[in-house]
Amino acid sequence: MSDSARQARLKARCAVFYALRVYLPLSHLARAVRARSRSLRGKPSRHQQDTQLPDAPWHRLFPSQPAFIVESAKANGNVRVSELAVLAKAATTIAPGREIVEIGTFDGRTTLNLAVNSDPATPVFTLDLPPDAPTKFALDHGERKFVDKPAPGERYRRCGAPWKDSAGKIVQLLGDSGSFDWSAHFGKAGLVFVDGSHAYDYARHDTEMAFKLVSPDGVVIWHDYGVWQGVTRALEELERERHLGLRQVRGTSLVFWRANGQHLAKSQT
Ligand SMILES: C[S@@+](CC[C@H](N)C(=O)[O-])C[C@H]1O[C@@H](n2cnc3c(N)ncnc32)[C@H](O)[C@@H]1O
């Protein structure tokens with residue numbers, strides 16, 4: 001391995017340490033203090049909802065395998081660096097031979113990290129909506145700006161050594177998650193990451209699709225719980241209806257569910 005590759009890997013390991021041991025606890029505390037201060041002043045946040053799902057710390061959900069974070073700089077629309085580290089840890093736990101599915105590529109920062117942290121034989125399928133494509137449901141107000149871009153996946157397409165081989169495992173899919181045909185992937189995913197449209201109808205639909213995609217030993221992770229109302233409502237309703245044991249990953253807007261042999265898909269078509 002060249003010196004520059006070794007340095008890039010060390011930097012990517014340090015980024016995980018910072019994200020999980022420094023950024024996550026401090027940002028969690030800062031949000032709690034801000035929320036308390038707003039509620040004392042009678043000014044609830046427009047961007048943060050009260051949440052009801054129980055939470056659990058990331059290290060109780062994922063065994064602590066070494067992970068890497070690349071492309072750590074956050075753009076508007078990306079997950080937080082702490083969430084990226086949790087997703088990277090999750091990717092390290094996927095059994096070889098399984099697939100990873102992401103709904104909502106955006107610039108491909110999370111996609112690349114899922115690819116880097118999974119087995120070399122684990123393909124990563126990521127779906128994004130072309131700007132001119134019709135949609136089955138209405139998008140949420142304010143999310144058009146994430147759809148309107150020249151092409152999804154800019155970050156994994158431009159990445160260099162030593163991550164290029166991992167980026168080569170990524171398969172970019174284009175279409176509307178409301179009507180996309182995933183049938184060739186049913187039951188194969190070790191990890192499904194749901195982060196497409198945040199509208200309620202999409203959150204419900206994409207969740208049902210995630211249950212079809214996930215393998216009996218796989219996990220589903222959602223983003224933006226407590227941040228976008230459609231996602232928060234969809235996940236809390238689901239938990240009330242089906243008692244799945246959804247858990248918010250403490251200090252993040254991620255929600256986690258492990259299949260543990262269950263088949264939740266309402267139908268296999
Ligand atoms: C918040 S961004 C995803 C961020 C990305 N997962 C990350 O971690 O950086 C949401 C993405 O979902 C895509 N999207 C929105 N509605 C969609 C739909 N109906 N089908 C597929 N993708 C959709 C948008 O184009 C956008 O790129």
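Let's start at Phe-106, which is buried because 24 other C-beta atoms lie within 10 Å. Here a residue counts as buried if 20 or more other C-beta atoms lie within 10 Å of its own, as exposed if 12 or fewer do, and as partly exposed in between, with C-beta atoms placed from the backbone. This is a predicted model, in which local features need pLDDT of at least 70 and side-chain atom pairs count only at pLDDT 80 or more, while totals for chains, interfaces and linings use all residues. Residues are numbered from 1 along each chain as its sequence is written.

Phe-106 sits in the loop between β2 and α4. Helices (H or I, at least four residues) and strands (E, at least two) are DSSP runs, numbered from the N terminus. Phi of Phe-106 is near 55 degrees, a positive value in a residue other than glycine. Most residues other than glycine have a negative phi, and most peptide bonds are trans. Two further backbone features can be set beside Phe-106.

| Site | Feature | Location |
|---|---|---|
| Ala-161 to Pro-162 | cis, omega near 0 degrees | Pro-162 in the loop between α6 (154–157) and α7 (164–167) |

Is His-243 buried or exposed? His-243 is exposed, with 8 other C-beta atoms within 10 Å.

**Around the ligand**

Phe-106 is also among the closest residues to the ligand, together with Gly-104, Thr-110, Ser-177 and Ser-197. In total, 23 residues surround the ligand, a residue being near if its C-beta atom, placed from the backbone, lies within 6 Å of the molecule. At least two residues of this shell come from each of α4 (109–116), β3 (124–128) and α5 (144–147). The shell holds nine nonpolar, 10 polar and four charged residues.

**The sheet**

Eight strands make up an open sheet of mixed pairing, in the order β1-β7-β8-β6-β5-β2-β3-β4. β1 (55–56) and β4 (170–174) stand at the edges with a single partner strand each, so one side of each has no neighbour in the sheet. Two strands pair if DSSP finds at least two bridges between them.

Strand β6 (214–222) is mostly covered, with seven of its nine residues buried. β6 pairs with β5 in the parallel sense over five bridges, and Leu-191 has Val-219 in β6 as its bridge partner. Val-219 also stands opposite Arg-258 in β8. Four bridges join β6 to β8 (residues 255–258), and these two strands run antiparallel. Ile-221 stands opposite Phe-256 in β8.

β7 (residues 247–249) pairs with β8 in the antiparallel sense over two bridges. Gln-248 has Val-255 in β8 as its bridge partner. β7 and β8 form a hairpin with five residues between them, and Gly-251 in the turn has a positive phi of about 85 degrees.

**Helix α8**

What does α8 pack against? The buried residues of α8 pack against β2 (99–103), β5 (189–194), β6 (214–222) and α9 (229–242). Two residues are in contact if their C-beta atoms, placed from the backbone, lie within 7 Å. Helix α8 (residues 200–213) has 14 residues and reaches 20 Å from its first C-alpha to its last, close to the 20 Å expected at 1.5 Å a residue. Of its 14 residues, 10 are buried, including Tyr-202, His-205, Asp-206 and Lys-212.

Definitions and conventions
Nonpolar A, V, L, I, M, F, W, Y, C, P; charged D, E, K, R; others polar. Expected span 1.5 Å × (residues − 1).
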